[in-house]
Each structure stands twice: as C-alpha cells, then as structure tokens.
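Could you walk me through this protein, from its overall make-up down to a few individual side chains?

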Amino acid sequence: MQEHIRLFNIAIVEDEPVLREELAFQLRQFGHSVDTFASAGQFYRHLAVSRVAVTILDIGLPDEDGLSICRHLRAHDKQMGIVFVTARSQRQDRLQGLEGGADAYLVKPVDLDELILTLNRLRDRFDGAGDTKTAGCNATTGDWQLNLDTAGLIAPNGSRAALTLNELQLMRLLHARAPLPCSPTELGLAMGILPDEFDKHRIEVVISRLRTKIVRITGMNIPIRAHRGQGYSLSDDSRTESRV
C-alpha cells in the first residue's frame, strides 16, 4: 500500500513469539516505532515510563486476558488507539472487545492492508487532538492544565507534553487535591499499585522522571512539591519546589 499514514509508537502484546516479531517487523517497514511484549505484566511496566499511541492486543495471554487489558486502558486513556488481533473469531468475543473500548477487532491471520487502514482511521483522532478544548482539563492556580482526553499536560507557556498512563493518573490525583498534599500510598493506588506491592521508591522515580521530562519538553519546572512525612502536592510557586 502506498497511501501515507501517520507514524505511531505502537505496542504489540502477543504471547506467540513468531507472530509477535513478524507483525512488529512489518509495521516497522512502514516507519512505525514498535515495542513488543509477551505478557500484560511486561506491557504495564513499559506503560509506567513510556507513552503508547496504539496498542495491538491478543486476547489469550498468560497472565491477563486482552479483554481485561482493553477495559483497563480505555478507563484510563480515552485517546489511545486499541486494536485486537486475535484468533478468537466468535461474534461474542468481537462484541466484548468493541464494548470494552477497542477501536477495531481483527482476526488472525491478519491482513496487513486491513491493519494499515485501521491505523489510518485512527490518524484523524490524533491529528485532531491538538484542537481539543479544555472541557476535559483541570487547571491549578499556576495555570498548568491536565487534558484527560489527550493524556497531555499543558504548561503555562502553551507547551504540551504527552503523559504515560502512570504519569496521567498521578497528575490527575495531584490536580484534584491541589494545593493539599497526596500521600505516596494514595498516589500509588491511583497508579494501580496494590498495597502489598507498594514501594515508595517507585513513586519517587515516576515523579523524578516526570520533572525531567517536563523541563526538557516545556522548558519549565512543573510545580510538584515534596512535603516531608506527607507526600507531594501541586503548587503555583515552582521557585520553592522541593526535590526528592
């Protein structure tokens, strides 16, 4: 196919190595950036530190089925493209996938042209994301805006930074609570970290990386303040920001 398509950061979640790598190879030939994962756990760890535009999902995975992953992704990210590529061809499976928030449901062996056309349809959503109004945004007193529809953070100078799923959930809670602090445990729960898996260092790492990324992209310091013994808060005074 010669038709131009927008290039995406794509995640393929597929437990069959040959199928996974073959599909990744084909998509890379079109210029896409592709990361591959054999399980939901691997995929979620990637989402904690990286932004994914489109996820291609199998249903039968070893640790969590693709339908459950789809529902989780759609509940936390309205913008992400989600495409099932699976051997399950039953009508009920297809309906469950689409009801769970998938943009398309393709049956193996997937027709590459059909997959590329599906990605092409998703292009309009991403191309129009920059025009999204602030109806889905919450603003702090420092005019930092969080757009829940596009999973983006808008700095006071107008610069925009795409957030990972963990960063989005963390910022959503901080915005809702501002200017009061959120405890590390609360932030962990917001990011889907179960109490028995909680590690304060994980929160510190996410915040540290987020600070570095926002400075790099926007040229501004995001006003996340650390409060000893209490947690973190959003403030409009970045000059008094306390680093971890």
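Helices here are DSSP runs of H or I with at least four residues, strands are runs of E with at least two, and both are numbered from the N terminus. By that rule His-46 is found in helix α2. Before going further, keep in mind that this is a predicted model, in which local features need pLDDT of at least 70, side-chain atom pairs count only at pLDDT 80 or more, and totals for chains, interfaces and linings use all residues. Residues are numbered from 1 along each chain as its sequence is written, and side-chain values use heavy atoms, with hydrogens and water left out.

Let's start with the overall picture. The secondary structure comes to 8 helices and 11 strands. Of the 244 residues, 45% count as buried, where buried means under 20% relative accessible area, exposed means over 50%, and partly exposed is in between (1.4 Å probe, protein chains only). Now take the contacts, meaning heavy atoms within 4.5 Å. Among those between residues at least 6 apart in sequence, 56% join residues at least 24 apart.

Back to His-46. At 15% relative accessibility, His-46 counts as buried. Setting aside residues up to four places away in sequence, His-46 touches Asp-35, Phe-37 and Val-52.

Next, the helix that His-46 sits in, α2. Two packed helices are described by the angle between their axes and the distance between the axes. The axes are lines fitted to C-alpha atoms, for helices over the stretch in contact, and the angles run from 0 to 180 degrees between N-to-C directions. Helix α2 (residues 40-47) and helix α3 (residues 66-76) have axes that come within 12 Å and cross at roughly 15°. That makes α2 roughly parallel to α3; the cut-offs are under 35 degrees for roughly parallel, over 145 for roughly antiparallel, 65 to 115 for roughly perpendicular, and oblique for the rest. On the α2 side the contact is made by Ala-40, Phe-43, Tyr-44 and Leu-47, and on the α3 side by Ile-69, His-72 and Leu-73. Sorted by class, that contact has 6 nonpolar, 1 polar and no charged residues. For the classes, Ala, Val, Leu, Ile, Met, Phe, Trp, Tyr, Cys and Pro count as nonpolar, Asp, Glu, Lys and Arg as charged, and the others, Gly among them, as polar.

For another helix pair, look at α6 (residues 165-177) and α8 (residues 200-218), which pack at an angle of about 95° with their axes 11 Å apart. The two are therefore roughly perpendicular to each other. Here Glu-167, Leu-170 and Met-171 of α6 meet Val-206, Ile-207, Leu-210 and Lys-213 of α8. This contact of α6 with α8 has 5 nonpolar, no polar and 2 charged residues. Glu-167 turns up again with Ser-50: the two are 117 residues apart in sequence and 9.5 Å apart in space, C-alpha to C-alpha. Ser-50 itself lies in the loop between α2 and β3, and is partly exposed, with a relative accessible area of 21%.

On to the charged pairs. How many salt bridges does the structure hold? There are 7 salt bridges, each being a side-chain nitrogen of Lys or Arg within 4 Å of a carboxyl oxygen of Asp or Glu. In one of them, the side chains of Lys-108 and Glu-14 meet at 2.7 Å, N to O. Lys-108 lies in the loop between β5 (104-107) and α5 (112-127) and Glu-14 in the loop between β1 (9-13) and α1 (17-29), so the pair ties together parts that are 94 residues apart in sequence. Both Lys-108 and Glu-14 are buried.

Lys-108 also forms a salt bridge with Asp-58, with the closest N and O atoms 3.6 Å apart. Asp-58 belongs to the loop between β3 and α3, 50 residues from Lys-108. Salt bridges that share partners join Glu-14, Asp-58 and Lys-108 into one network.

Ala-87 has its place in the loop between β4 (81-86) and α4 (91-99). Is Ala-87 buried or exposed? Ala-87 is exposed, with a relative accessible area of 56%.
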